[in-house]
Amino acid sequence: MRIVIFVLLLSALVTVSHAAELSPSVEREIAMLLDALGTSDCRFYRNGSWHSASDAQAHLTRKYEYLRKKKLIGSSEDFIADGGTKSSRSGEPYHVQCGRDTSLPSSEWLSAVLHRLRSSPSAESSGK
């Protein structure tokens with residue numbers, strides 16, 4: 001019985017954490033991720049075709065706004081997992097290809113950019 005209660009409490013906490021408003025620092029990180037994609041020299045693969053970086057930024061911005069409005073994300077990692085990984089329509093994974101490099105799953109590319117953003121000196125000075 002204790003295990004059942006524990007599992008119920010844990011699932012309630014997870015649900016509450018996703019339903020919270022995004023902190024300004026998370027909103028800033030996601031904006032920086034989207035900007036990094038949009039200003040890159042990369043192509044973005046979704047639903048069977050390649051798109052420009054600016055089109056990819058616009059697409060993922062729409063997904064972010066939807067997820068934020070529905071309170072379905074609570075962190076930058078949630079955004080990557082729930083919005084930046086695969087098509088919600090087809091289920092196909094997104095890919096990013098920069099220059100002549102091999103394409104990567106978008107989750108890997110976005111996670112690497114997030115890591116660089118967090119480890120940059122400007123991230124430390126802005127209170128992250």
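Mentor: Let us begin with handedness, where a crossing is left-handed if the near helix is turned anticlockwise from the far one by less than a right angle, and right-handed if clockwise. Keep in mind throughout that this is a predicted model.

Trainee: Which hand does the crossing of α2 and α3 have?

Mentor: The crossing of α2 and α3 is right-handed, and the residues that make the contact are E27, I30, L34, D35, L37 and G38 on the side of α2, with A53, S54, A56, Q57, L60, T61, Y64 and R68 on the side of α3. Sorted by class, this contact of α2 with α3 holds seven nonpolar, four polar and three charged residues.

Trainee: Why is α2 called roughly antiparallel to α3?

Mentor: The two helices α2 and α3 pack at an angle of about 160°, their axes being 7 Å apart. Angles over 145 degrees count as roughly antiparallel, and α2 is therefore roughly antiparallel to α3.

Trainee: Which residues of α2 and α5 meet?

Mentor: From α2 come E29, M32, L33, A36 and L37, and from α5 come W109, L110, V113, L114, L117 and R118. By class, the contact of α2 with α5 has nine nonpolar and two charged residues, and no polar ones.

Trainee: Why is A36 called partly exposed?

Mentor: A36, which is found in helix α2, has a relative accessible area of 25%. Buried means under 20% and exposed means over 50%, so A36, with its 25%, is partly exposed. Leaving aside neighbours within four places in sequence, A36 is in contact with W109 and V113.

Trainee: Which residues of α2 are buried, and what covers them?

Mentor: The buried residues in α2 are V26, E29, I30, L33, L34, L37 and G38, and what covers the buried residues of α2 includes β1 (42-46), α3 (53-69), α4 (76-83) and α5.

Trainee: What makes the phi of N47 worth a remark?

Mentor: The phi of N47 is near 50°, a positive value in a residue other than glycine, and N47 is placed in the loop between β1 and β2 (49-51). With a relative accessible area of 24%, N47 is partly exposed. K71, in the loop between α3 and α4, likewise has a positive phi, near 60°, and K71 is partly exposed at 36% relative accessible area.

Trainee: How many helices and strands does the protein have?

Mentor: The protein has six helices and four strands, which run α-α-β-β-α-α-β-β-α-α from the N terminus on. Of its 128 residues, 31% count as buried.

Conventions
Residues numbered from 1 in each chain as written. Predicted model: local features only at pLDDT ≥ 70, side-chain atom pairs only at ≥ 80, totals over all residues. Heavy atoms only, no water. Contact = heavy atoms within 4.5 Å. Nonpolar A, V, L, I, M, F, W, Y, C, P; charged D, E, K, R; others polar. Buried < 20%, exposed > 50% of the residue type's maximum accessible area, 1.4 Å probe, protein only. Axes fitted to C-alpha atoms, helices over the stretch in contact; angles between N-to-C directions. Parallel < 35°, antiparallel > 145°, perpendicular 65-115°, else oblique.
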